[in-house]
Amino acid sequence: MIIAERKPVNEIVSMIRDAERILVLGCRGCVSVCSAGGRREVDILASLLRLGRMKEGGKKLKTIEATLVRQCDREYIEEMDQWDGEYDAVVSMACGVGVNFIANLRPNVRVYPAVNTTFYGASAEQGVWSEQCAGCGNCILHFTGGLCPVVRCAKSLMNGPCGGSQDGHCEINKDVSCIWQEIHDKLENLGRNEELDAIAPIRDWRAAGHGGPRKVVREDLTV
Amino acid sequence: MNFVPDIQVLCCHYTSQQILAESKEDLRGDGLPENVTINRVACGGKIRETAILSALESGADGVCVVACDPDTCHNVLGSKRAAKRVAAVRKSLAEMDVEADRVGMFQVERGFHPEFVRAAVEMNEKIMGFGPSPFKNGGKK
C-alpha cells in the first residue's frame, strides 16, 4: 500500500490561513490502513486545525469532515459535489495521488495536502511500515528471490552487495538489513544460488519515471 | 491577574471508582482543587485524541488523563493505549508551539489513594504556571 504521514500541524494551519470553511477529506484506501488519513485521522486533524485557528485569532474555522471510498477514482471524487459551495478549500488526507486527482478534476477548488506521501510499503508490525517497492516500472524480483534491491539496497545495486555491509547489516544504516545478504540467503535456502551468477545488464531507468510522468493504457479496458 | 485554570480530568472508570464514591465536599477536603472537573469514561483505552482536543476546544486550560497503572490495568491495554494517545496529542501541541504539558498523563493504582488527587493538584499547579490556554482570545494571555 501507499504509506503516508501527517504533516506537522502548523504547516497545514499555514496553508489554510485565509480560508474560513474547509473540507477535511480523508480516503478509505491505503491511508486509512496506515492510519494517516482515514476517518479517525480526519476528525483529529479537523479539531487540530480549529484549535490552530483559535490560537491565531480571527474568524472561527468551520470544518466539514468526510472520507471518500478512494480519492483516485472519478466516481468517488464526484461525491464531493454534495459539499459544493460549503467550503473555501479542501484539505486532503489522501496520498499525493488523491490531491492531484482532485486538482485535475476540480479546477476551481483549492486543494492542500495534509500528509507527506512516503513510499510503497508493508506493515512490518503494528504501527511499523517498511518500504518494499519503488514502483520502478521494470520488476526484476524473479531474479532476486522476490526481494527488491532497487528499493531495499541503499545503493540500488543490481549485481550483489557493495562490500560495505557487515554482519548482514547495511553500512548506511545498521538498523537496515543488507538486502543482498538476504537475497543470497534466500536463494541458497531454495537451492538456487547459482542464479546469482548471472550478470544483470545495465538498467534502462526510463520506466522508473526518469522519462517523465508515466501512463498505463489498457486497450482492452478503455471505452 | 487572578487566573483560575479550567482543568478537565479524563479518567478511567476503574481508576476513579472509589474516589468518585466520595462526595464533592469530601474530595475537596482531600485536596482536589475546585476548578478541576472529573469526566469518567469506561476505560482509559476509550479516551481518544478527539476527546482531549475537544476539551481544549471547549476552553480547558489543561487536560489531565488518569488511568490505571500500566501493569495492572483492568482492561490490560487500556492505560497503555491512553498513554499513546496522550503522547500523540502532546506531539501535535508542540507542532503548534503550544506547551505539550498542557496535556498530562498519569498512571496510578486503582482504588482510593492520594495519588489521584495529587495528579490533579500537579496539573493545576503546572497550568497556573503556564497561564491561560493559547487557544482562548486568539492566543493573547
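A polar contact here is a pair of N or O atoms within 3.5 Å, where, within protein, one must be able to donate a hydrogen and the other to accept it. Bear in mind while browsing these views that the model is predicted.

**View 1. Polar contacts and salt bridges between chains B and A.** Going by that rule, eight residue pairs are in polar contact across the interface of chain B and chain A, both partners at pLDDT 80 or more. Three salt bridges turn up across this interface too. One to zoom in on is Arg6(A) with Glu95(B), whose closest N and O atoms sit 3.5 Å apart.

**View 2. The chain B side of the interface.** Here 17 residues of chain B are in contact with 17 residues of chain A. The two chains bury about 1500 Å² between them, with 59% of it on carbon and sulfur atoms. On the chain B side, Glu57(B), Glu95(B) and Met96(B) lose the most area to chain A, together 40% of what that side buries.

**View 3. The largest nonpolar core.** This core has 38 residues, and Ile16(A), Ile22(A), Leu49(A), Ile52(B) and Val63(B) touch the most other members. Elements giving it two or more residues come from both chains, among them strand E2 (21-27) of chain A and strand E3 (62-68) of chain B. The top contributor is H3(A), with seven residues.

View 4. Setting aside neighbours within four places in sequence, Ile22(A) is in contact with residues including Ile16(A), Leu49(A), Tyr87(A) and Val91(A). Elsewhere, a second, separate core of 18 residues includes Val9(B), Ile19(B), Leu32(B) and Val66(B).

Conventions. Residues numbered from 1 in each chain as written. Chains lettered and ligands numbered in written order. Predicted model: local features only at pLDDT ≥ 70, side-chain atom pairs only at ≥ 80, totals over all residues. Heavy atoms only, no water. Contact = heavy atoms within 4.5 Å. Buried area = accessible area lost by both parts, 1.4 Å probe. Salt bridge = Lys/Arg side-chain N within 4 Å of Asp/Glu carboxyl O. Polar contact = N/O pair within 3.5 Å; in protein donor to acceptor, adjacent residues only side chain to side chain. Core = buried A, V, L, I, M, F, W, Y, C linked by side-chain atoms within 4.5 Å. Buried < 20%, exposed > 50% of the residue type's maximum accessible area, 1.4 Å probe, protein only. Helix = DSSP H or I, 4+ residues; strand = E, 2+ residues; numbered from the N terminus.
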